[in-house]
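Have it open while you read, and go through the points in order.

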Amino acid sequence: MTSRATTPPPGRAPQTRMAPAPGGALPQIGAPAAAVRPDLAAIGDRIRSLRAERAMSLRALAEASGVGVASLSQLENGQRNPTLATLYALAGTLRAPLALLLDARAGSSVEGPGVSVRLLDTDVIGVDSSAQVTVEVYRLHLDSEASRRSPAHGPGVVEHVQVLAGLLRAGREGAEREASAGQNLEWVSDCPHTYRAVRGPVEAVLVITTPLV
């Protein structure tokens with residue numbers, strides 16, 4: 001499936017909600033709350049728990065994700081600040097939403113070279129337990145000419161990007177499309193995909209939906 005302009009589907013009532021960010025209500029997409037430092041201990045506990053659920057050794061997860069064994073051990077023990085690339089690699093290998101590794105904490109922000117994402121909200125939505133998806137909403141920033149390549153996510157994961165400023169080129173690798181302020185892109189992210197600020201900096205809202213299995 002190629003990236004394409006899209007109209008978001010009608011919303012459905014959330015069945016569960018994350019706790020409000022410190023200081024009150026959940027952040028608004030148009031005016032995101034100030035970034036907060038990720039809880040390193042909580043991230044480490046999540047990674048270790050997900051690894052155990054999938055019956056993976058520390059070395060097996062390190063090899064499958066491309067993260068060094070020593071680095072992964074430090075992450076699990078809350079002794080290392082993770083980069084965006086590292087968390088994406090681990091989330092993809094563990095078949096888990098990135099927000100889960102961030103402990104669904106509104107305002108949690110992680111960075112990579114020229115790129116940052118800030119978690120605004122996350123929900124589980126669906127009519128019944130057989131058709132539920134996790135929805136993650138992020139504020140995405142790319143410095144001018146910055147780019148990143150994201151690994152494949154699990155089956156059925158869809159990414160939707162609404163560009164707020166700048167010119168973004170993004171989508172499945174080899175089938176990227178461009179979108180400027182007020183336009184959007186959508187693609188199934190079960191293969192490597194890329195983001196690049198063609199003219200920037202780029203500000204956007206990124207929504208990722210992941211089927212619950």
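**Notes on the model**

1. Strands β2 (residues 109–112) and β3 (residues 115–125) run antiparallel and are joined by 4 bridges. Strands here are DSSP E runs of at least two residues, helices are H or I runs of at least four, and both are numbered from the N terminus; two strands pair if DSSP finds at least two bridges between them. Ser109 has Arg118 of β3 as its bridge partner. The hairpin leaves 2 residues between the strands, and Gly114 there has a positive phi near 75°.

2. A word on the source: this is a predicted model, with local features needing pLDDT of at least 70 and side-chain atom pairs counted only at pLDDT 80 or more, while totals for chains, interfaces and linings use all residues. Residues are numbered from 1 along each chain as its sequence is written, and side-chain values use heavy atoms, leaving out hydrogens and water.

3. Now for helix α3 (residues 69–76): its buried residues (under 20% relative accessible area, 1.4 Å probe, protein chains only) are Ser71, Leu72, Leu75 and Glu76. They sit on the same side of α3 because they cover an arc of only 135° around the axis, taken from the directions from the helix axis to the C-beta atoms. These buried residues pack against α1 (40–53), α2 (58–65) and α4 (84–94), with contact meaning heavy atoms within 4.5 Å. After α3 comes Gly78, with a positive phi near 70°.

4. What does the side chain of Glu159 make a polar contact with? That would be the side chain of His153, at 3.0 Å; a polar contact is a pair of N or O atoms within 3.5 Å, where within protein one must be able to donate a hydrogen and the other to accept it, and residues adjacent in sequence count only if both atoms are side-chain atoms. Glu159 lies in strand β6 (residues 158–172).

Terms used
Buried means under 20% relative accessible area, exposed over 50%, partly exposed in between (1.4 Å probe, protein chains only).
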